[in-house]
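Reader: I would be grateful for a close look at the site of the ligand. Please describe the surroundings of the ligand first, and then the local features elsewhere in the chain that deserve attention.

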Amino acid sequence: MCGIVGAVGHENCSQALFDSLRRLEYRGYDSSGIVTIDESEITLRRAVGKLINLERALQVSPLSGAIGIGHTRWATHGGVTTENAHPHVASGRVAIVHNGIIENHRVLRNRLQADGHNFSSDTDSEVLAHLFVEALDQGLDPARAAQQILGQIEGAYAFAALLVDYPDMLVVARNASPLALGVGDGACYIGSDAIALSHLTRKVIYLKDHDFALVRADGVTVYQADGTPANRESVIVAANQGLVDKGGYRHFMEKEIHEQPDAIAHSLAAMTGADGRLTAQLDDKELQDIEGMVMLAAGTSHYATQVARYWIESLTGVPVSCEIASEYHYRSPATSPYSTALVISQSGESLDTLMAMRHAAACGMKTIGLVNVPDSTIAREADMVLPTRAGPEIGVASTKAFTAQLTVLLCFAVALGRSKGMLSRDQVADIHAKIQALPGLVGKALGLFDVIRPIASHLATAKSALYLGRGVLYPLALEGALKLKELSYIHAEGFASGEMKHGPIALIEDDLPVVALLAADPLMAKASSNLREASARGGRIILLSEARAAAEVDYADAVVTVPDVDPLLAPILLAVPAQILAYLTAVEKGTDVDQPRNLAKSVTVE
Ligand code: AGP
């Protein structure tokens, strides 16, 4: 999932392109590059690694020209090398940048090589540049060339092509991967999302799947795959504060951990109607029509669905199935009794989740998109939207978006329970009051950095770790383990505490870190005896628990307590020390906290 950008009609566009790439670096940071045309000359600059390396290359030899394209890469095909960095140039006449995967690239490459085309990279994307050279050599104009190429390629793509023979336009197209076209004053732009263009224009056109377009300085002409002109409305996107700074924190993740009280308060406010009732922005009819729900998501968002299942089942009686998006899409899932697919995604662009949502819609389900990015593809395609209001999340490891998702999901469960007559007015008011107290409680948990720091220093020496939770805390154990994995590169696994004795307990040996999540809920005693079994085999128990439950585990090696809270809300509050533990362990290990290796913030390939 790379980031692509482009500009036409913008004097010395390379700086504008570079600033756009900075806003997209969360999408991939293996390599980057920019190419422009000036006086009929294609000039390329590429660098391996972070954008700063490209910045240095541009300072040494700047680019000129009013038309150009750029790219920041998350490697899918071909190693992390300069040759595999985009833009790719073919025959000195066509340059391309691409996000997605051309699934039939090998067949196309073999045919083009047989026809004499010389490839200089191992990427799937480079075939696009050669296909354009081939089409132009056949005498096709850019629109016909694009139409012919779209007829040949398979897979997910958002690409932009720069043609020396046509230096006044960019040729762009998309299928499944996101692409926004920005209409400016005497110049036009393209970007993988509107954030990339926020310093240039807020007037944006979103292409539909299989659309292609010619982008000139004075405007955009959109076509459908069959070449017929298409009318795509422009929208004015929400003003974006553009490049978010760290606000004095060392890392975006540290800042975003501290922003959770606001993220929760703002998300709760979005779920509250003008009359102060929890509505989840859905009217009672829409809620009552929900017969059964499939919840679709990936990664941390998937774990949020698993926590929410406990709430929805207990508060509403509505059957719920939690599905890993990348698996659901390729199964023939039973659709009854599910009337609705609730799709959760921070970015609103994860392709696995988008394709799973489309699959559910094709099976006749209503779709609800729970997203943190208002203008995202999932938000635009879903029948209904539940917004989290966590603000831009830059750190690749999701923190405030996760607790905001849980807040919105709990509000949704309460509103659904009320509409189904499962919750009385008093019960609704009681839970509502407890959710309103959350930002304050989370604020208190933010004071745990100093308590956790020495525990993290020890954890940083470990090769692996286990996370245990029972009931609604089991999915939080999975999330805690994911945070440690993706941030510190320590192999960590989350288990349901009761499942340990059926095998995983064999992993325990002296001093193996066992991070245990515990709340004063009906499963506390059972969970505590599971921990005692782990401790008896030498496991080093790191307890993350409500204060009143900590006494249960007097044999723990390290204890971190959060304020006492209703068991319903324990997963949200206990997420904070789990995040801080993973964060401080990564800082201790010196890994790249905000841009961990091999990861990207929004995964737009399958
Ligand atoms: C979480 O820290 C990871 N960045 C990752 O698992 C993420 O949750 C997953 O890729 C889903 O992203 P989404 O919520 O934007 O769809």
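Author: What follows describes the ligand site and then turns to an aromatic pair and some features of the backbone. The model is a predicted one, and the description should be read accordingly.

The shell around the ligand is made up of 15 residues, of which Ser-301, Ser-345, Gln-346, Ser-350 and Glu-486 come nearest. Sorted by class, this shell holds 5 nonpolar, 8 polar and 2 charged residues.

For Glu-486, which is among the residues that come nearest, a polar side-chain atom lies 2.6 Å from a ligand oxygen. Ser-347 likewise places a polar side-chain atom 2.7 Å from an oxygen atom of the ligand. In the case of Lys-483, an N or O atom of the side chain is 3.1 Å from a ligand oxygen. On its own, the ligand has 410 Å² of accessible area, and the protein covers 90% of this.

The space that the ligand takes is the second largest pocket. Two or more residues of the shell are given by each of two elements, namely helix α9 (299-316) and helix α17 (474-488).

A search of the whole structure gives 4 aromatic pairs. One of them joins Phe-212 and Tyr-223, whose rings are stacked, with 5.1 Å from centre to centre and 15° between the planes. Phe-212 belongs to strand β12 (residues 211-216) and Tyr-223 to strand β13 (residues 219-223), so this pair ties together parts that lie 11 residues apart in sequence.

The backbone also has some local features. His-210 is not a glycine, yet it has a positive phi of about 70°.

One runs from His-86 to Pro-87, with omega near 0°. Pro-87 is located in the loop that connects β4 (67-73) with β5 (88-90). Another cis peptide bond leads from Ser-336 to Pro-337, and here omega is near 10°. The loop between α10 (325-328) and β17 (340-345) is the place of Pro-337.

Terms used
Residues numbered from 1 in each chain as written. Predicted model: local features only at pLDDT ≥ 70, side-chain atom pairs only at ≥ 80, totals over all residues. Heavy atoms only, no water. Near = heavy atom within 4 Å. Polar contact = N/O pair within 3.5 Å; in protein donor to acceptor, adjacent residues only side chain to side chain. Areas by Shrake-Rupley, 256 points an atom, 1.4 Å probe, with all protein chains shown as cover. 1 Å grid on protein atoms, 1.4 Å probe; cavity = no way out; pocket = protein on both sides within 12 Å on 5 of 7 lines; lining within 4 Å. Sits in = over half its atoms within 2 Å of the grid points. Helix = DSSP H or I, 4+ residues; strand = E, 2+ residues; numbered from the N terminus. Nonpolar A, V, L, I, M, F, W, Y, C, P; charged D, E, K, R; others polar. Phe/Tyr/Trp six-rings, centres within 6.5 Å; stacked < 30°, edge-to-face > 60°.
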